[in-house]
Amino acid sequence: MSYDRENIFAKILRGEIPCDKVYEDAHVLAFNDINPRRPVHVLVIPKGNYVCHDDFAAHASDAEIAGFTRAVAAIARQRGIDESGYRLIVNTGDHGGQEVPHYHVHIIGGAPVGAMVSD
Ligand code: AMP
């Protein structure tokens, strides 16, 4: 599993293309999805070069994993959807429908999100 340094989120991390940033810390960058599916749709990405959840879980440090996990919840609170609820989506690989090969979590809320999986 090799990391493609030219993927679009790598370019955002390097500042080569802009994003609508909502949060940043030492380990994490978060920005609004360009094609939001609900009123709140934030993408949270680690600053390290990890392809997918499998790569992140296997190779990120404990500090990166803890920081990332806490940042996801903090962003949801910051966006005011912690009480109403939200869905976290991590698409991984082909069957998961992952389009961008840099690990990311979708935070989706602000309105009911609907069925977990469409049939
Ligand atoms: P996934 O299918 O999980 O890889 O999701 C990729 C997500 O990235 C999609 O929801 C896209 O709308 C979003 N996306 C693609 N390019 C950009 C961009 N330049 N800025 C923000 N979101 C993007």
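Predicted model: local features only at pLDDT ≥ 70, side-chain atom pairs only at ≥ 80, totals over all residues.
1. The largest pocket has a volume of about 740 Å³. Its lining consists of 31 residues, and those closest to the pocket centre are Asp33, Arg37, His41, Leu43 and His106.

2. As to secondary structure, α1 (8–13), β2 (28–32), β3 (40–46), β4 (86–89) and β5 (105–109) are the elements that each give two or more residues to this lining. The largest share, three residues, is that of α1.

3. By residue class, the lining of the largest pocket comprises 16 nonpolar, nine polar and six charged residues.

4. The ligand takes up the space of the largest pocket. There are 16 residues around the ligand, of which Asp33, Arg37, Glu99, His104 and His106 come nearest. Asp33, Arg37 and His106 are also among the residues closest to the centre of the pocket.

5. The shell around the ligand divides into six nonpolar, seven polar and three charged residues. Both α1 and β2 supply at least two residues of this shell.

6. A polar backbone atom of Glu99 lies 2.7 Å from an oxygen atom of the ligand. For Val100, the distance from a polar backbone atom to a ligand oxygen is 2.9 Å, and for Gly97 a backbone N or O atom is 3.2 Å from an oxygen atom of the ligand. On its own the ligand has 500 Å² of accessible area, 88% of which the protein covers.

Methods
Residues numbered from 1 in each chain as written. Heavy atoms only, no water. 1 Å grid on protein atoms, 1.4 Å probe; cavity = no way out; pocket = protein on both sides within 12 Å on 5 of 7 lines; lining within 4 Å. Points joined across faces, edges and corners; volume = space filled by probe spheres on them. Helix = DSSP H or I, 4+ residues; strand = E, 2+ residues; numbered from the N terminus. Nonpolar A, V, L, I, M, F, W, Y, C, P; charged D, E, K, R; others polar. Near = heavy atom within 4 Å. Polar contact = N/O pair within 3.5 Å; in protein donor to acceptor, adjacent residues only side chain to side chain. Areas by Shrake-Rupley, 256 points an atom, 1.4 Å probe, with all protein chains shown as cover. Sits in = over half its atoms within 2 Å of the grid points.
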